[in-house]
Amino acid sequence: MLVTKEIRIHMGHRVPNHKSKCYSPHGHEYKIIVGVDDKVVDFPGASDEGMVIDFGDLKKIMMNIIDSKFDHTTTVYEGDNVYIQSLELINDILGNENKNLIRFNIVPFIPTAENLARYWYKLIEKELLDVGIAIKYVEVWETYTSTARYTKEDDIKWVDPKQQTLFDTPRL
Ligand SMILES: [Zn+2]
């Protein structure tokens with residue numbers, strides 16, 4: 001049976017090669033939905049008896065992998081040197097010893113909804129495998145009308161050879 005859990009984060013990004021307005025740094029309220037498809041637990045007396053996965057446990061994984069690292073931050077492609085240097089400069093000038101003004105994560109991919117869905121899928125898949133539960137998809141809503149859904153079948157559709165190895169990199 002398929003069950004889903006949803007969280008929302010606020011995150012900044014830009015698409016460095018974009019032909020239009022996504023070139024400029026901006027942010028979204030992202031809605032992220034994880035779908036888990038597995039058997040219902042039928043062990044009598046178990047805490048999760050009658051569940052595919054405890055929604056609370058799934059939320060904990062999503063908060064740990066997504067919210068704690070990406071909420072209220074800016075996500076920047078590692079090849080986007082102009083943007084990285086700009087953010088570092090702002091932090092150097094306006095931050096103080098203890099705190100950067102702008103919190104940002106550098107990732108090895110352009111932070112589109114598609115790439116973020118794939119990245120988070122891989123990390124959550126690994127976590128769920130440890131407890132023997134199968135992930136079905138990660139859906140990233142960038143706006144109210146735009147969404148990218150990554151499923152296992154999408155692995156074969158990823159054609160960029162560089163991207164093929166990016167997700168073996170350690171977690172942020
Ligand atoms: Zn955007």
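Colleague: What share of the contacts with a separation of 6 or more comes from residues 24 or more positions apart?
Modeller: Those residues account for 63% of them. Two residues are in contact if their C-beta atoms, placed from the backbone, lie within 7 Å. Keep in mind that this is a predicted model, where local features need pLDDT of at least 70, side-chain atom pairs count only at pLDDT 80 or more, and totals for chains, interfaces and linings use all residues. Residues are numbered from 1 along each chain as its sequence is written.

Colleague: Okay, and how many helices and strands are there in the protein?
Modeller: The protein has four helices and six strands. From the N terminus on, they run β-β-α-β-α-β-α-β-β-α. Helices (H or I, at least four residues) and strands (E, at least two) are DSSP runs, numbered from the N terminus.

Colleague: Which residues touch the most other members of the largest nonpolar core?
Modeller: Trp120, Ile124 and Val138 do, in a core of 30 residues. At least two residues each come from β2 (26–37), α1 (55–70), β3 (73–77), α3 (113–130) and β5 (135–141). The most come from α3, which gives eight. A nonpolar core here is a set of buried Ala, Val, Leu, Ile, Met, Phe, Trp, Tyr and Cys residues joined through C-beta atoms within 7 Å. Buried means 20 or more other C-beta atoms within 10 Å of a residue's own, exposed 12 or fewer, and partly exposed in between, with C-beta atoms placed from the backbone.

Colleague: And what is valine 138 in contact with?
Modeller: Leaving aside neighbours within four places in sequence, valine 138 contacts Ile32, Val34, Ala117, Trp120, Tyr121, Ile124 and Tyr150.

Colleague: Switching topic: how far apart are the axes of α1 and α3?
Modeller: They are 10 Å apart, and the two helices pack at an angle of about 140 degrees. The contact is made by Ile61, Met62, Ile65 and Ile66 of α1 and by Trp120, Leu123, Ile124 and Glu127 of α3.

Colleague: One last thing, is leucine 87 buried or exposed?
Modeller: Leucine 87 is buried, with 21 other C-beta atoms within 10 Å. You'll find leucine 87 in helix α2 (residues 81–94).

Colleague: Which residues does leucine 87 touch?
Modeller: Not counting residues up to four places away in sequence, leucine 87 touches Thr74, Val76, Ile102 and Phe104.

Key
Axes are lines fitted to C-alpha atoms, for helices over the stretch in contact, and angles run from 0 to 180 degrees between N-to-C directions.
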